[in-house]
Amino acid sequence: MSESLLMASPRVLRLGTRRSLMATTQSQQVADRLTALTGRPVELVGVTTFGDVTKAHLAQLGGTGVFVSALRDKLIEGEIDFAVHSLKDLPTKPDPRVVIAAIPTRDDPRDALVGPVGLAGLRPGDKVGTGSPRRVAQLRALRPDLEYVAIRGNADTRIGKVTSGELRAVVLAAAGLGRLGRAAEISELFEVADMLPAPGQGALAVECRAGDEALIDLLSVLDDTRTRAAVTAEREVLAALEAGCSAPVGAYASDDGHILNLTAAVVAFDGTRSVRKSTAGDPSAAMELGRELATAMIAEGAGTLMGERTH
Ligand SMILES: NCc1[nH]cc(CCC(=O)O)c1CC(=O)O
């Protein structure tokens, strides 16, 4: 091989991203970290997804997978080399064409209230915006006297409804607010004991083509073993419950390097009843822990609570 080939600078990796501020921010963070750790240059490639252009409510679209499929299509077409997704937006059903090469260390998994006061400071009848049945159900359990309003749109749009006075407060993921530089507007962080986050909330998934071994190997430097174990358990609960992203299912796991603790809940839409269970075990058995917990929840009526299920 000639000297010039050996010396040639490595090809710039193309990181496909949705065009939203949150997506480009988290993609840029991953790009910068990969370059810092490996020396490989990375360029962001903006991709418009159906979920970004449609005005329909997400729950009517059959899930947040709409954000994911356009990026996967670009991967398969070879237009991009890898993509960064919010893990909680990834369908639990694996896509054999791609692999999750890395799950970086998770940001704050908690849900957050944005408004003038914390939850206890809100007045009966105050309007609180959230698009998530999981959040509404758990909020109703904490404050049945508030009015919950379905909203969608990016964080800017949602927070704008508080600023304009249309809503008194909105509930969003703390991680997203942090990535947008808006953490200062949080008036309350919900402890996971009071409000179980969505499975995978606060974590990212770095995805590339299955079989792209050199890139899978390169991206693995971004992986955090404990985060991967925790979110694997959380997502397995969701998968085993056969629930989608719009189901009122919360799950949170933490792995201290020795023990994985997992709690999950299915909450009735009106917040009055729930099936909530916890388990703990070896982090290497994350998937089994999640599956067993889901089975135990189904035995206690989780399927009925979710609606039509009769397992
Ligand atoms: N479904 C939209 C979405 N996907 C990921 C996040 C936040 C960041 C994260 O959870 O990683 C959000 C916004 C929100 O729930 O407030």
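1. A polar contact here means a pair of N or O atoms within 3.5 Å. With that cut-off in hand, please keep in mind that this is a predicted model.

2. For Arg179, a polar side-chain atom is 3.2 Å from a ligand oxygen. With Gly202 the backbone takes part, as one of its polar atoms lies 3.1 Å from an oxygen atom of the ligand. On its own the ligand has 400 Å² of accessible area, and the protein covers 85% of that.

3. Which elements give two or more residues to the shell around the ligand? They are strand S8 (169–173) and helix H7 (174–179). Among the residues around the ligand are also Met22, Ser86, Lys88 and Arg135.

4. Now for a look at another part of the chain. Strands S12 (residues 260–267) and S13 (residues 274–281) pair in the antiparallel sense, with eight bridges. Val266 has Val275 as its bridge partner in S13. The two strands, S12 and S13, form a hairpin with six residues between them. In the turn, Gly271 has a positive phi of about 75°.

Terms used
Residues are numbered from 1 along each chain as its sequence is written. This is a predicted model: local features need pLDDT of at least 70, side-chain atom pairs count only at pLDDT 80 or more; totals for chains, interfaces and linings use all residues. Side-chain values use heavy atoms; hydrogens and water are left out. Two strands pair if DSSP finds at least two bridges between them. Helices (H or I, at least four residues) and strands (E, at least two) are DSSP runs, numbered from the N terminus. A residue is near a molecule or strand if one of its heavy atoms lies within 4 Å of it. A polar contact is a pair of N or O atoms within 3.5 Å; within protein, one must be able to donate a hydrogen and the other to accept it, and residues adjacent in sequence count only if both atoms are side-chain atoms. Accessible areas come from the Shrake-Rupley method with a 1.4 Å probe; for residues, only the protein chains shown count as cover.
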